[in-house]
Amino acid sequence: MARVKYRYPGESRWKGWWYVLPALTVYLLFTFLPILETIRTSFYQWDGFSQQKTWIGFANYLEIFSDPKFHNALRNNLVFVIFYSIIPILIGLFLASLLSRRPIPGFAFFRTALFLPQVISMVVVGVVWRWMFNPTSGPINIALNWLGLRRFAISWLGDFTWALPAVGSIGTWVQSGFCMILFLAGMQRIQEEYYEAASLDGANALKQFLHITVPGLRSEIAVALVTTIIAALRVFDLVYTTTRGGPGESTMVTGFLIYRSAFMLNRIGYAAALATVLTLIILIISLLIRRYQRHGVEEDA
Amino acid sequence: MRYPWKKLLPRYLILMVFMLLVLLPLWGMFTSAFKTGVEVMAGPFSLPREWSLQNFEQAWRVGRFNIFFKNSVIVATTVVVSSVFLSTLSGYAFGSLPLPGKTWLYPLMLIGYMVPFEAVIIPLYNFMDKLGLTETLWALILPQVGLSISFGTMWMASFFENAPEELTDAAAIDGCSRWQTLWYILFPIAKPAVTTLIVLIFMWTWNEFLLALVMVQNESLRTLPVGLAFFQGKYTANIPLMAAGAIIVALPTILIYILFQRFFIRGMLGGAVKG
């Protein structure tokens, strides 16, 4: 809990501000004010070069909400939520419950390996998986051919139907280990007695998992949801390095749409409105899940 | 406690499958970097006949990864040193000093941790352009410091908040100033928290892509991830060369992760829980 902080004798009450001021200045200039400026820019029409900035009110927002390109991008982001968030959380729960209650020898090694994708640059991850998905020399199609499934050995990242799940599954590869370790940390809190009591009552492993483990991990699941959903909504690096939104617009996501509108099509106001919408969606989702998390904590208490 | 093998075996097998799914792509890429163009044809997981560094040499010189590496080191070092220093100062004020206005200042700093770079990149570009800083590494350093400070302040504040009061009280009685208490009493015991902060900010900066992609067009100012992305566009078909480039980008963060694993995981979980 926060303690009462006392001033030293003769010390100004503003002393703390001297310590905050350098950090605050840099933060305001390079992070906070740009956020406000993005919102302001979103009400203008501007090409980024000319002196002429035209105030157009909410026109950019109206255009966004009727723009099929944005609808498509947002839908793709939602598909990414399945791959970045839902599947990794299920895998993480599964792996963590395999590992948590009876520690197995050599566990540290598995943990190190499964968490590894989290620390690698997404550009490198993109390069690795473009190679994996390569239609002729990629391991996936070589394996399919070897198994006699030649007709399934398609050009994954160039296919209108399969490019999106292919890129999404890279997200699953990255996020699963993170979810597992988050849940393992949470499981240490759940008391063994619950499981013992449940076993005595004749509850099987699945029932124990659903009625003890999952409720016990409520706050970790909320954290995993927030982190991975945000990652799915703001995905950019991975799409840039694997498909650039293609083929067609089949892997186009909001982050890439912002980049393209601002830096390739010079529609600065429109891009700023997109960025504002994306940020709002992210903030709303974070707050909603956090609220759910807090309710959970209060109920437990 | 003894482990019954019959019960352990299925769990090992399942874990092994997931571990292979994670490691095989990385291992395949790793071995490819040592192969010749002909050897690559022999199959993705065949081993190179000799572990030649030729691809690395070519990526380093011809692919100009030496320059990208240098830029990445300059950016990451500057960002880490200045963010950790500034975050320590402001975290100290938030955690241990009376700070009028803290109730609104804290959420203000927190916002930076929640918003993505996409939300600030457009005005940042124009701002840097006006200052004449686009096409310099400052355009990559300053925004990254701003964003890192947001997390760093929260992280250090929660450390100082929980630091043993007896220590700081004793220091005050002995006549230490706030400044001396921070650097001589608290900072030495903050080592684990500071290490975590250093490795996290290093990793985020090293892997940052969008900012570096937008701010500089000049090839000789690119950082490693951007350099690799353009390199990929140029040498798509040359898998060994691309693999070598990818390893140069990934190796520093992987090494630091393996060396400082404890700090890494604690920080990423702690950061996630707090954010």
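A:L233 sits in helix α10 (residues 218-233) of chain A, where helices (H or I, at least four residues) and strands (E, at least two) are DSSP runs numbered from the N terminus. This is a predicted model, in which local features need pLDDT of at least 70, side-chain atom pairs count only at pLDDT 80 or more, and totals for chains, interfaces and linings use all residues. Residues are numbered from 1 along each chain as its sequence is written, while chains are lettered from A and ligands numbered from 1 in the order in which they are written. A:L233 counts as buried because 24 other C-beta atoms lie within 10 Å; the cut-offs are 20 or more such atoms for buried, 12 or fewer for exposed, and anything in between for partly exposed, with C-beta atoms placed from the backbone. Leaving out residues up to four places away in sequence, A:L233 touches A:N77, A:L278, A:I281 and A:I282, a contact being two residues whose C-beta atoms, placed from the backbone, lie within 7 Å. There is also A:L74, which is 159 residues away along the chain, yet the C-alpha atoms of A:L74 and A:L233 are 8.2 Å apart.

Elsewhere in chain A, helix α4 (residues 107-115) and helix α7 (residues 163-187) have axes that come within 7 Å and cross at roughly 135 degrees. Axes here are lines fitted to C-alpha atoms, for helices over the stretch in contact, and angles run from 0 to 180 degrees between N-to-C directions. From α4(A) the contact uses A:R111, A:L114 and A:F115, and from α7(A) it uses A:G177, A:F178, A:M180 and A:I181. By class, these residues come out as 5 nonpolar, 1 polar and 1 charged; Ala, Val, Leu, Ile, Met, Phe, Trp, Tyr, Cys and Pro count as nonpolar, Asp, Glu, Lys and Arg as charged, and the others, Gly among them, as polar.

Most residues other than glycine have a negative phi, and most peptide bonds are trans. With 13 C-beta neighbours inside 10 Å, A:R244 is partly exposed. Chain B has a case of its own in B:R64, a non-glycine residue with a positive phi of about 60 degrees. B:R64 is found in the loop between α3 (54-61) and α4 of chain B and, with 17 C-beta neighbours inside 10 Å, is partly exposed.

As for chain B overall, the secondary structure amounts to 14 helices and 0 strands. Its C-alpha trace spans about 75 × 65 × 30 Å along the principal axes, and 47% of its 275 residues are buried. Among contacts in chain B with a separation of 6 or more, 78% join residues 24 or more positions apart. Helix α6 (residues 121-130) of chain B has 7 of its 10 residues buried, so it is largely enclosed by the rest of the structure. The buried ones are B:I121, B:I122, B:P123, B:L124, B:Y125, B:F127 and B:M128. After α6(B) comes B:G132, with a positive phi near 70 degrees.

The two chains meet in a contact that takes 75 residues from chain B and 74 residues from chain A. On the chain B side, helix α1 (residues 5-32) gives the most, with 12 residues. That side has 59 nonpolar, 13 polar and 3 charged residues. The largest nonpolar core has 170 residues, of which A:V124, A:V128 and B:A246 touch the most other members; such a core is a set of buried Ala, Val, Leu, Ile, Met, Phe, Trp, Tyr and Cys residues joined through C-beta atoms within 7 Å. Beyond its neighbours within four places in sequence, B:A246 is in contact with A:V124, A:V127, A:V128, B:M29 and B:L228.

On confidence, the model scores ipTM 0.92 and pTM 0.91. Chain B has a mean pLDDT of 89, with 97% of its residues at 70 or more; pLDDT is the predictor's confidence in each residue, from 0 to 100.
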